[in-house]
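Me: Please take a close look at one residue in this model and its surroundings. Then carry on to a few other parts of the fold. Keep it brisk.

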Amino acid sequence: MSTNALRLGTRRSKLAMAQSRQVADAVSQVTGRPVELVEITTYGDTSREHLAQIGGTGVFVTALREALLRGEVDFAVHSLKDLPTGQPEDLVLAAVPEREDPRDVIVARDALKFTDLPRGARIGTGSPRRMAQLNAYARGHGLDIETVPIRGNVDTRIGYVRDGELDAVVLAAAGLNRMGRSDEVTDFLSVDTVLPAPGQGALAIECAAHRADLIAALGELDDPFTRAAVTAERSLLAALEAGCSAPVGALADLLADGQIVKEMRLRGVVGTTDGSRTVQLSTTGPVPETYDRAMALGRELAAEMLAQGAAGLMGERAQ
């Protein structure tokens with residue numbers, strides 16, 4: 001490989017820039033080449049519509065992928081949960097680095113915990129998945145909350161709480177950690193309360209399929225356990241025929257006996273946004289050694305969820 005600077009395509013948001021800088025540093029270390037960030041504006045960044053309305057799938061990804069295919073950038077960094085489940089033939093996920101904290105968090109006024117919010121508390125989120133699970137938890141535990149659809153970057157969302165418009169907002173722990181803002185979290189939502197989005201907390205490093213030398217170099221940043229987990233989660237999402245904006249939560253985690261990883265557990269949930277009906281199931285099996293086995297784990301759990309009526313809870317299914 002040459003010693004010229006590599007061009008990393010990234011969205012312009014503070015969060016995207018923060019995580020792209022971290023990847024750039026890591027890529028520089030493994031390749032010995034400088035990495036420059038190329039800022040690209042995506043449809044998801046400029047549209048004022050709610051993500052659920054513009055069909056969240058791929059709205060932050062398409063412009064980055066087009067820049068890759070045109071050769072304007074050498075590789076791109078995505079939040080994995082934003083990636084459509086279908087992978088284009090001419091692009092490859094060269095690396096899925098070790099996952100950050102996959103949990104959702106609350107940023108609430110007066111440093112309140114979720115369960116300490118007052119009756120009628122207004123909680124902002126742009127995610128049908130979060131709405132469905134928060135409302136289901138509230139129904140099951142006698143809490144009185146109102147979920148309010150919002151969108152915008154981290155500053156905008158937290159601003160709703162600072163300005164008193166909302167009592168709390170829900171964000172991803174990983175994003176706040178990467179931005180160095182984890183001290184603003186007032187409560188971490190257990191994955192037993194809210195399952196994260198498939199792939200949440202993980203990044204995807206993508207490049208053109210013909211760049212064998214670059215794929216090999218980027219591959220050094222790949223974490224096989226994270227890749228197996230997110231492959232299973234995304235397989236579940238795909239088998240449910242649901243897009244990134246559907247009310248689907250999934251998490252694959254490793255079950256260890258001491259230092260030895262024994263099994264992988266995959267949990268999935270789908271629900272109506274008002275929380276009145278949910279289907280939540282899990283399956284446990286050997287840690288998938290191959291891509292095909294990870295895919296099979298997701299498909300099998302999805303089939304069980306569909307057999308219990310999951311399709312009817314998702315509204316419009318992705319085509």
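Reply: Start with T272. This residue is buried, because its relative accessible area is 16% and the cut-off for buried is under 20%. The model is a predicted one, so that value is computed from predicted coordinates.

Where does T272 sit? It is found in the loop between β12 and β13. Strand β12 covers residues 260–271, and strand β13 covers 278–286.

Next, the side chain of T272. It makes a polar contact with the side chain of D274, at 2.8 Å. Beyond residues up to four places away in sequence, T272 touches A132, R277 and L313.

S190 is partly exposed, with a relative accessible area of 31%. The C-alpha atoms of S190 and V105 are separated by 8.7 Å. Along the chain, these two residues are 85 residues apart.

Now helix α6, residues 154–162. Which of its residues are buried? They are V154, R157, I158, G159 and V161. What covers them includes strand β5 (104–108), strand β8 (168–172) and helix α7 (173–178).

Both ends of α6 deserve a look.

Last, a helix pair. Helix α9 spans residues 224–239, and helix α10 spans 291–307. They pack at an angle of about 40°, with their axes 7 Å apart. That angle makes α9 oblique to α10. The crossing of the two helices is right-handed.

Which residues form this contact? From α9 come A228, T231, A232, S235, L236 and A239. From α10 come Y291, A294, M295, L297, G298, R299, L301, A302, M305 and L306. By type, the residues of the contact divide into twelve nonpolar, three polar and one charged.

Notes. Residues numbered from 1 in each chain as written. Predicted model: local features only at pLDDT ≥ 70, side-chain atom pairs only at ≥ 80, totals over all residues. Heavy atoms only, no water. Axes fitted to C-alpha atoms, helices over the stretch in contact; angles between N-to-C directions. Helix = DSSP H or I, 4+ residues; strand = E, 2+ residues; numbered from the N terminus. Parallel < 35°, antiparallel > 145°, perpendicular 65-115°, else oblique. Left-handed = near helix turned anticlockwise from the far one by under 90°. Contact = heavy atoms within 4.5 Å. Nonpolar A, V, L, I, M, F, W, Y, C, P; charged D, E, K, R; others polar. Buried < 20%, exposed > 50% of the residue type's maximum accessible area, 1.4 Å probe, protein only. Polar contact = N/O pair within 3.5 Å; in protein donor to acceptor, adjacent residues only side chain to side chain.
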